[in-house]
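Here are some notes to read alongside the structure.

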Amino acid sequence: MANIYFIGLGLSKRFLTNASIDAMRKSDVIYADVYTSISCDITEDLLRQLSGKDVIPGNRDVLENREKEIYKLLDTGKNVGVAVIGDPMIATTHVSLAVGARQRGHTVTVVPGMSVHCYMISKSLLSSYKFGKSVTVAFPALGKVDVTPYKVIKSNRDQGLHTMVYLDLKESGVMTADLALKYLVQMEMEMKQNAISQEDLVIIGERLGCDDERIRSMTISSAMNEKFGKPPHIIIIPARNLYDMELEGLRCLI
């Protein structure tokens with residue numbers, strides 16, 4: 001039997017925990033999840049320095065389609081670490097890999113890390129109890145924009161809930177906040193259900209956890225014309241029935 005560690009790295013190296021470093025050092029092989037998020041200063045070289053172990057880039061194909069290679073390592077007695085920016089089981093989920101390893105009799109250990117989801121909720125000053133389903137704005141596929149984010153925002157707003165909006169990350173590029181909002185406005189023009197207005201206030205997070213992070217509230221129309229800093233970015237679409245204290249909090253971010 002071997003161990004597989006799902007290791008949350010936090011948003012930047014200052015959020016690395018002793019538990020995450022210890023789990024990497026206990027691993028014989030470390031896969032670095034490189035397709036679900038990026039960090040300003042956590043790199044594969046840093047992970048090698050901290051762990052003293054070989055670090056393998058783990059893209060979607062490796063971690064989702066070639067998981068048998070990981071199971072084979074475990075079956076030969078190798079301890080495996082899967083290192084993930086943020087938290088390994090919040091927003092980014094590796095549950096399928098964990099279940100497969102457990103079914104083969106291996107020990108599964110989850111080491112939580114500071115997730116972008118929890119971090120952004122705290123920084124937004126909005127009520128954590130009023131967040132609904134989260135969603136990702138994806139790049140168009142075959143020229144077609146997926147309207148799922150619009151439907152989620154509409155459903156959340158109908159219930160008086162805030163929406164955490166993640167932005168697509170591909171090898172070919174990282175989506176920015178202004179582009180994501182342009183897609184949402186485009187969806188509104190197609191769906192016409194009043195889920196998105198260009199005068200709505202939104203909260204934009206840039207480079208969370210990094211020295212140059214910024215969290216600001218502005219209208220969608222302003223944000224679409226804003227020059228944001230380097231990714232990653234994240235967006236909150238607040239509910240329209242804000243508490244008085246939430247309104248005061250938003251004013252602190254303007």
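Predicted model: local features only at pLDDT ≥ 70, side-chain atom pairs only at ≥ 80, totals over all residues.

1. The strands β10 and β11 run antiparallel and are joined by six bridges.

2. These strands belong to an open sheet of five, ordered β6-β7-β12-β10-β11, with mixed pairing. At the edges are β6 and β11 (214-219), each of which pairs on one side only. From one strand to the next, the twist averages 30°. In general, strands of a sheet pair through backbone hydrogen bonds, either parallel or antiparallel.

3. Two helices lie across strands of this sheet. α7 lies across β6, β7 and β12, at about 140° to β6. α8 lies across β6, β7, β10 and β12, at about 40° to β12.

4. The largest nonpolar core has 28 residues, and those touching the most other members are V165, L181, L184, I196, I235 and I237. Elements giving two or more residues to this core include α7 (148-158), α8 (177-191) and β12 (233-237). The largest share, seven residues, comes from α8.

5. What does I196 touch, leaving out residues up to four places away in sequence? The list is Y150, I153, R157, L184, V185, E188, I220 and R240. Another core, of 17 residues, lies apart from the largest one; F6, Y35, L97 and A98 are among its members.

6. In helix α2 (residues 44-51), the buried residues are L46, L47 and S51. Seen down the axis of α2, they fall within an arc of 115°, so they line one face of the helix. They pack against α1 (18-26), β2 (29-33), β3 (55-58) and β4 (80-84). Just after α2, G52 has a positive phi of about 70°.

Methods. Residues numbered from 1 in each chain as written. Heavy atoms only, no water. Core = buried A, V, L, I, M, F, W, Y, C linked by side-chain atoms within 4.5 Å. Buried < 20%, exposed > 50% of the residue type's maximum accessible area, 1.4 Å probe, protein only. Helix = DSSP H or I, 4+ residues; strand = E, 2+ residues; numbered from the N terminus. Contact = heavy atoms within 4.5 Å. Arc of directions from axis to C-beta. Pairing = 2+ DSSP bridges. Axes fitted to C-alpha atoms, helices over the stretch in contact; angles between N-to-C directions.
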